[in-house]
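Subject: A structure for you to explore

Hi there,

Here is the structure I promised to pass on. Have a look at it first, and then read my notes below.

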Amino acid sequence: MEPAVGIDLGTTYSAVAWVNRDGVPEIIPDALGEALTPSVVGFDASGTPIVGAGAKVAQAEGEEAVAHLFKRWMGDAAFRFGGGGREWTPPELSAQVLGHLKRQAEEALGTAVRRVVVTVPEYFTHPEREATLKAGRLAGLDVLRLMSEPTAAALAYGLRPAAETRRLLVYDLGGGTFDISLVEIGAEELRVVGAEGDHELGGRDWDDRLVGELLRQLTTEESELLADRPGALLVEAERIKRTLSARRAAELRIAIEGRTIRATATREGFAAASRDLVEMTGHLTRKLLEEVDLTWDDITGVLPVGGSTRMPMIREFIEEISGKPPMAGIHPDHAVALGAAAQAALLLEAEAEALRLPGTAVAEPILRLGGPRKVSNVVAHSLGMIAESADRERYLNSVLLPRNQRIPSQATRPYKFRLKGDGSDEMEIFLTQGETENVQDCAYLGRYIVTGFPAKGGRREAVVDVTYSYDDSALVDVAAVDRVGGARLDVKVEQLPEDIPGRFLLPPAKGGGREPMTVYLAFDLSGSMSGPPLSAAKGAARAFVGQLDLTTTAVGLIGFSDSVKVELKATNNGSSIERAIQRLRVGSTGYGNDADPFDKIKELLRRDQHRRFAVVLADGVWSHQQKAISRARACHGVGIEVVAVGFGGADHGFLRAVASSDEQALFTRMGELSDVFGTIARELTESGA
Ligand code: AMP
């Protein structure tokens, strides 16, 4: 039987583990018995790479051609490291580490190792994940799955039977990054519910604070002496930091130009100097709890992972914010590799089961500890594309798949595309990962080119359904279908042009564009909507937005009952729209039926130059119908098209009177609201196409 192997490919250290013959995950140490291999690559005199401890020694001796921290440049196509007489890309350097660990495992297990699970930081974007896969291929490995590091640590923790579902916050503070993930461990499944983090917050920042503390104690003359050797102080600070994890005080001693520079660092002084860094992790933790709508009472405990959680100030802070001591029971340096090996075992077991012939016996499980047999994750980044703003004045990042959704996941969106129709049409999509609208703040995954539009047909505009998906490893795939005829189009990925994101800081070129549109959804939020009707209405709003081309259409949201509330001003940002839908509450505008939304719709759309629509949803009879009808007519009068949708106890005659035409008044049942709203949006998108 093939061994179940997992590799923690870390920034500073890497490790490999397998699930042993007793069904327990176990670290595979190197020939010297070391569990951790430095992620460092040096070269011998003939240019042959040397990985791990040997290379680290060369580095400490001042050898320059030693590559380290290259994981930070994974996915950066331009990065090169010169060593051993040639240039190396980050995946090539990582492949050296992976190959080293592969051989280490093969020697220890006495069998070939090919299929493995490799861990990556939760926040790794698509290009960084692709680069990791490539490193695996170069090392002769077949990567079964890329697993996120906090998930792996949580799985290593979760491999023990427990009566109840546990909800943990995995607090992962390493050398350069902080990740906080909320993980639910049930009897059957381990599920990551959400993640937050800061990728420029880690042990190195604490080192800097300690440097500051030490410098404060030195004379100007001593500081000037040290200024010539900045590295020496930093290396000493890191050592002192580790000492302070075990003792209350530690000494600095640096011999320089015949003098010895001395200073003392105390645990208290260090904690005070780094308080804001600690608070930052607390801020991100609270932000995550808010995002997933949970409180500390819902959390079983906080699981510390990563070397920097050894600092007492972190353990104390965890207790301070959660009210409970940090959870124990996993090795902070081994947990990720152990979890990866466990995941490999679960995947191999699932594969064996899928291939099992009917009537044959179920295979023995590889992993024989308790705990969940299924792991599901979310993606830490929203997936988006660069679009033109509704007013066509600027470019923005429009979110398609919001972050913290369970993977694998996919979404399909329509895009209107202006055709030349001569067979040379190319639709260009710039895919991004990031939360903001700002085109400078997101990561670019590539330039996706859609081709294969028929040369004939005389169409001026096509509606293309583009499907974006995340697989189990959070890798992105794109597919496109031409709505007319349903033909699948070709999608290929190209390298990003040099002028990205610079070109998106300029206003979009005018002319030849597609017709923009603004739509307000106005939802009745009176008492009768509470419970299932509101859920159905939210579903309908999502179905509606899913059928709109947000690169040309802005969507706003209004709630009304006794009063009228603008829940969201029209925007192209998919995340803002989703958040506004989530926030809809019965009672936020009272419980009765005194108000109507038409004056507000008219006011909001008065200055809008685009095609303007309002879709009104009602489930009952409004108190002042005559007034509402006259206000709705005022909207029609200024060119705003009103579509009225009724269900439940809605008044048919009244809705026909407020709609712009009889065809624009629709009646349905609660269970069909999503279909109806989806169809309305489809028609809006296709009109003009
Ligand atoms: P990791 O990326 O998880 O290996 O964490 C590396 C970081 O942990 C580095 O910044 C180390 O300085 C830090 N670290 C390791 N051991 C200790 C310790 N005993 N006390 C404080 N920080 C530590």
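Let's start at the ligand: one of its oxygen atoms sits 3.3 Å from a polar backbone atom of Gly175. That is a polar contact, meaning a pair of N or O atoms within 3.5 Å; within protein, one atom must be able to donate a hydrogen and the other to accept it, and residues adjacent in sequence count only if both atoms are side-chain atoms. On its own the ligand would expose 500 Å², and the protein buries 82% of that. (Accessible areas come from the Shrake-Rupley method with a 1.4 Å probe; for residues, only the protein chains shown count as cover.)

Before going on, please keep in mind that this is a predicted model: local features need pLDDT of at least 70, side-chain atom pairs count only at pLDDT 80 or more, and totals for chains, interfaces and linings use all residues. Residues are numbered from 1 along each chain as its sequence is written, and side-chain values use heavy atoms, with hydrogens and water left out.

Which residues come nearest to the ligand? Of the 13 around it, they are Glu238, Lys241, Ser245, Gly307 and Ser308; a residue counts as near if one of its heavy atoms lies within 4 Å. Helix H7 (residues 230-244) gives the largest share of this shell, 3 residues. Helices (H or I, at least four residues) and strands (E, at least two) are DSSP runs, numbered from the N terminus.

Now for the whole chain. You will find 17 helices and 33 strands in the protein. Its C-alpha atoms fill a box of roughly 90 × 55 × 55 Å along the principal axes. Of the 689 residues, 54% are buried, where buried means under 20% relative accessible area, exposed over 50%, and partly exposed in between (1.4 Å probe, protein chains only).

Is Thr125 buried or exposed? Thr125 is buried, as its relative accessible area is 11%. Leaving aside neighbours within four places in sequence, Thr125 is in contact (heavy atoms within 4.5 Å) with His381, Gln433 and Ala443.

Enjoy exploring!
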